[in-house]
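Here is my note on the model, as numbered points. Please read it beside the structure.

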Amino acid sequence: MAESAAPVRFGILGCANIARKVSRAIALVPNATISAVGSRAIEKATAFAKENGYPSTTKIYGSYEAVLDDPEVDAVYVPLPTSLHLKWAVLAAQKKKHVLLEKPVALNMKELDAILEACESNGMQYMDATMWMHHPRTAKMKEFLSDSQRFGQLKSVHSTFAYLGNSEFLKNDIRIKADLDALGALGDADAKFAAKHVVMSNFLSYSKINSQNNAVKNLDMTFPEKILDVSSFSEGQITVV
């Protein structure tokens, strides 16, 4: 009988709120474990590990570099601000760590190309942390929507997503700080991803023939429904975000 593969040993770079959810997910699967966590302040990393129930064997570091230098870390999860993704994802690949990169993965295609090239040239696996693509619910949706007897033929997808930023958000969140995340809230909002994931999951299994992206100015948070993207397909289907 073949032996089970050893669990993937994850290192966490930073203590972002989203890392709390991903940490719980890692803890729930049998083939992964949290081996290390690093922050710019070791006190913050220590508190983060305790608050989120990290294993007692988890190593605590006061820098991101220390996590990458740990030989007992196989892969790193990077939930840092988008402006830092290029530096740390490339360095992680060069240090022979697989990379799980929080969305949005980069500020532009040039940065993403550099990240992908670093992973490929070093033989490391790259994956973005858009869990929707890998969730069992997505596969079930595909099964349902692909059944023409139950559902009919899908012609259009219209999705919206919004959240209200309170005073704390508007004061401290990285999404309103251009030096940390120049893409702003729209870079992180899942509305655009939702429709694209529908397409990517082959709900609409047709060649994309047109896409129009519209810049959004003067976003009115009390009226979140704005057209960000319109895509049409060869059989007449459309997606609107």
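1. Strand pairing around S1. S1 and strand S4 (residues 75-78) run parallel and pair over 3 bridges. Two strands count as paired if DSSP finds at least two bridges between them. Helices (H or I, at least four residues) and strands (E, at least two) are DSSP runs, numbered from the N terminus. Within this pairing, Phe-10 stands opposite Ala-75 in S4.

2. Basis of the note. This is a predicted model: local features need pLDDT of at least 70, side-chain atom pairs count only at pLDDT 80 or more, and totals for chains, interfaces and linings use all residues. Residues are numbered from 1 along each chain as its sequence is written, and side-chain values use heavy atoms, with hydrogens and water left out.

3. The other partner of S1. Strand S1 (residues 8-13) also pairs with strand S2 (residues 32-38), in the parallel sense, over 6 bridges. Val-8 has Ala-32 in S2 as its bridge partner. With helix H1 (residues 17-28), S1 and S2 make a right-handed β-α-β unit. Right-handed here means that, with the strands pointing away from the viewer, the path from the first strand over the helix to the second runs clockwise.

4. The chain overall. There are 9 helices and 10 strands. Of the 241 residues, 38% are buried. Buried means under 20% relative accessible area, exposed over 50%, and partly exposed in between (1.4 Å probe, protein chains only). Among contacts (heavy atoms within 4.5 Å) with a separation of 6 or more, 60% are between residues 24 or more positions apart.

5. Ala-19. This residue lies in helix H1. Why is Ala-19 called buried? Its relative accessible area is 0%. Leaving out residues up to four places away in sequence, Ala-19 touches Ile-12, Phe-48, Tyr-77 and Pro-79. Ala-19 and Tyr-77 are 58 residues apart in sequence, yet their C-alpha atoms are 8.3 Å apart.

6. Helix H2. In H2 (residues 42-51), Ala-45, Phe-48 and Ala-49 are buried. They cover an arc of only 95° around the axis, so they sit on the same side of H2. The arc is that of the directions from the helix axis to the C-beta atoms. Glu-43, Lys-50 and Glu-51 are exposed on the other side of H2. The cover over the buried residues of H2 includes H1, S2 and strand S3 (59-61).

7. Helix H5. Glu-111, Leu-112, Ile-115, Ala-118 and Cys-119 are buried in H5. Seen down the axis, the buried residues of H5 fall within an arc of 125°, so they line one face of the helix. Met-109, Lys-110 and Glu-120 are exposed on the other side of H5. Helix H4 (85-94), strand S5 (98-101) and strand S6 (126-128) are among the elements covering the buried residues of H5.

8. The ends of H5. At the start, a side-chain oxygen of Asn-108 reaches to within 3.2 Å of the backbone nitrogen of Lys-110. A polar contact is a pair of N or O atoms within 3.5 Å; within protein, one must be able to donate a hydrogen and the other to accept it, and residues adjacent in sequence count only if both atoms are side-chain atoms. Just after H5, Gly-123 has a positive phi of about 70°.

9. His-85. This residue is found in helix H4. His-85 counts as buried because its relative accessible area is 1%. Its contacts beyond four places in sequence include Pro-104 and Ile-115.

10. Backbone points to check. Most residues other than glycine have a negative phi, and most peptide bonds are trans. The bond from Lys-103 to Pro-104 is cis, with omega near -10°. Pro-104 is in the loop between S5 and H5. Lys-96 is not a glycine, but has a positive phi of about 65°. Lys-96 is in the loop between H4 and S5.
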